Amino acid sequence: MDKKKKIAKNTDKPIQKIRFIVQTIFALLCIWIGIEFSQFVAYLESNGAAEFSARPPGVEGFLPISAMMSVYYFFVSGNIHPVHPAGFFIFLAIIGMSLVFGKSFCSWMCPVGFLSELIGDFGEQLHKKIFKRRIKIWKYLDYALRSIKYLLLFFFAFSVFSMSSLALEYFLGDTYNIMSDVKMWYFFAEISRFSLIVIGILFLFSIIYRNFWCRYLCPYGALLGITGLLSPAKIKRNPVSCIDCGLCAKACPSFIKVDKVITVRSDECTSCLNCIDVCPVKDTLDLKLVGTEKKIDKKIVAFGVVLLFVAITGLGIMTGNWQNKIPAKVYIELHKSVNSIGHPMSTSDIEKLNKASEKGVENGTKPIH
Ligand code: SF4
Ligand code: SF4
């Protein structure tokens with residue numbers, strides 16, 4: 001019998017509106033953090049003469065390498081480093097979300113992912129009008145380009161995990177790490193022509209090809225893709241009731257051939273649930289626990305990602321590991337020479353500290369904290 005004749009219509013409500021609301025709230029939160037941070041920088045620029053404006057700890061969410069170092073430091077020393085404690089908890093929250101719900105941070109909270117999605121939607125409308133179809137990159141080129149983000153991740157992870165606890169402590173306590181958020185602020189506030197051109201090119205490429213930055217270049221996304229593979233929640237297709245309409249694959253922003261697999265096990269799946277929403281047949285495409293037929297309600301994903309993020313960052317706030325204890329006068333002093341603060345460690349510095357650490361000898365270089 002023709003499968004299309006015995007369709008049990010999917011009447012599940014789409015979750016995309018809720019996802020859009022969550023993305024918007026997090027984007028607004030980031031904008032709010034940006035405004036607060038600009039006021040903090042203005043306070044530093046006035047040498048403390050202007051009205052005091054506190055530094056928002058949420059800005060540390062934009063320092064993933066420092067956060068990765070803090071997590072590693074925690075494992076080797078048992079302590080939470082005091083310079084960017086909020087970054088430590090935000091990083092853990094994002095990894096925690098991916099371990100439970102796959103690479104969900106990218107499609108539910110990341111402001112860059114959100115922007116990338118909006119640009120991608122605009123681009124696809126354009127493609128449909130001009131080319132009458134979605135643009136896809138030749139698959140071998142796609143593989144090659146996707147490997148770039150893993151190479152970047154490997155480079156950062158290798159640099160971090162090859163450091164001894166002494167080298168880590170030195171780096172994390174150095175003025176460079178303390179002022180890294182202020183330096184990042186100036187990078188964007190006084191953006192160079194070259195950086196603007198690079199951002200413009202990325203913007204253009206994201207119109208031409210959906211999620212260009214996320215798919216090919218973001219090392220954070222690469223890390224979440226790997227941890228997301230460990231998640232027990234996977235998109236599963238029932239090949240018996242599936243009518244092979246291909247709508248799921250067409251709706252997938254990550255170009256995954258959902259209609260050709262039983263279980264989606266892809267480092268590119270961001271748990272956006274678009275595919276489930278568009279599937280016209282009831283109980284054919286669902287998020288399920290690996291190894292079981294237990295269906296996970298879409299609302300649990302929405303609620304779960306937010307709850308995990310709030311719970312883990314809330315733990316940081318409640319345990320007093322959120323706002324760092326660096327006095328404003330130290331920031332003002334460091335700000336005076338912010339332009340001359342450079343990366344503190346060459347490879348040979350790290351090697352020296354690693355050797356000193358192995359011998360259990362401090363070599364005289366003292367971290368600030
Ligand atoms: S497979 Fe489904 S949940 Fe995963 S990215 Fe594609 S549309 Fe989103
Ligand atoms: S949307 Fe995908 S899973 Fe659902 S019926 Fe069509 S091909 Fe099958």
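Phe89, Ile90, Leu92, Ala93, Ile94, Gly96, Met97, Val100 and Phe101 in helix α3 meet Ile300, Val301, Gly304, Val305, Leu308, Phe309, Ile312, Thr313, Leu315 and Gly316 in helix α15. Contact means heavy atoms within 4.5 Å. Helices are DSSP runs (H or I, at least four residues), numbered from the N terminus. This contact divides into 15 nonpolar, four polar and no charged residues. Ala, Val, Leu, Ile, Met, Phe, Trp, Tyr, Cys and Pro count as nonpolar, Asp, Glu, Lys and Arg as charged, and the others, Gly among them, as polar.

This is a predicted model: local features need pLDDT of at least 70, side-chain atom pairs count only at pLDDT 80 or more, and totals for chains, interfaces and linings use all residues. Residues are numbered from 1 along each chain as its sequence is written, chains are lettered from A and ligands numbered from 1 in the order in which they are written, and side-chain values use heavy atoms, with hydrogens and water left out.

How confident is the prediction? The mean pLDDT of the protein is 91, and 92% of its residues reach 70 or more. Here pLDDT is the predictor's confidence in each residue, from 0 to 100. Confidence is highest in α3 (residues 85-101), at a mean of 98, and lowest in helix α17 (residues 347-359), at 65. Over residues 361-369 the pLDDT is below 50. Beyond near neighbours in sequence, that stretch has 19 contacts in the model. Where pLDDT is low, the predicted coordinates should not be read in detail.

Now back to the helices. Two packed helices are described by the angle between their axes and the distance between the axes. Axes are lines fitted to C-alpha atoms, for helices over the stretch in contact, and angles run from 0 to 180 degrees between N-to-C directions. α3 and α15 (residues 298-318) pack at about 150°, with axes 8 Å apart. That makes α3 roughly antiparallel to α15. Angles under 35 degrees count as roughly parallel, over 145 as roughly antiparallel, 65 to 115 as roughly perpendicular and the rest as oblique.

Helix α2 (residues 64-77) and helix α6 (residues 139-161) pack at about 40°, with their axes 10 Å apart. That makes α2 oblique to α6. In α2, Ile65, Met68, Met69 and Tyr72 meet Leu153, Phe156, Ala157, Val160 and Phe161 of α6. This contact has nine nonpolar, no polar and no charged residues.

Next come helix α5 (residues 111-130) and helix α10 (residues 193-208). Their axes come within 7 Å and cross at roughly 55°. α5 and α10 are therefore oblique to each other. Ile119, Gly120, Phe122, Gly123, Leu126 and His127 of α5 make the contact with Phe203, Ser206, Ile207 and Ile208 of α10. By class, six are nonpolar, four polar and none charged.

Two ligands remain. A residue is near a molecule if one of its heavy atoms lies within 4 Å of it. Of the 13 residues around ligand 1, Cys252, Cys269, Cys272, Leu273 and Cys275 come nearest. Its shell has nine nonpolar, four polar and no charged residues. Around ligand 2 stand Arg237, Cys242, Ile243, Asp244, Cys245, Gly246, Cys248, Asp259, Cys279, Pro280 and Thr284. The shell of ligand 2 has six nonpolar, two polar and three charged residues.

Finally, look at Ala328 in helix α16 (residues 328-335). Ala328 and Ser53 are 275 residues apart in sequence and 9.5 Å apart in space, C-alpha to C-alpha. Not counting residues up to four places away in sequence, Ala328 touches Tyr43 and Phe52.

Notes
Helices (H or I, at least four residues) and strands (E, at least two) are DSSP runs, numbered from the N terminus.
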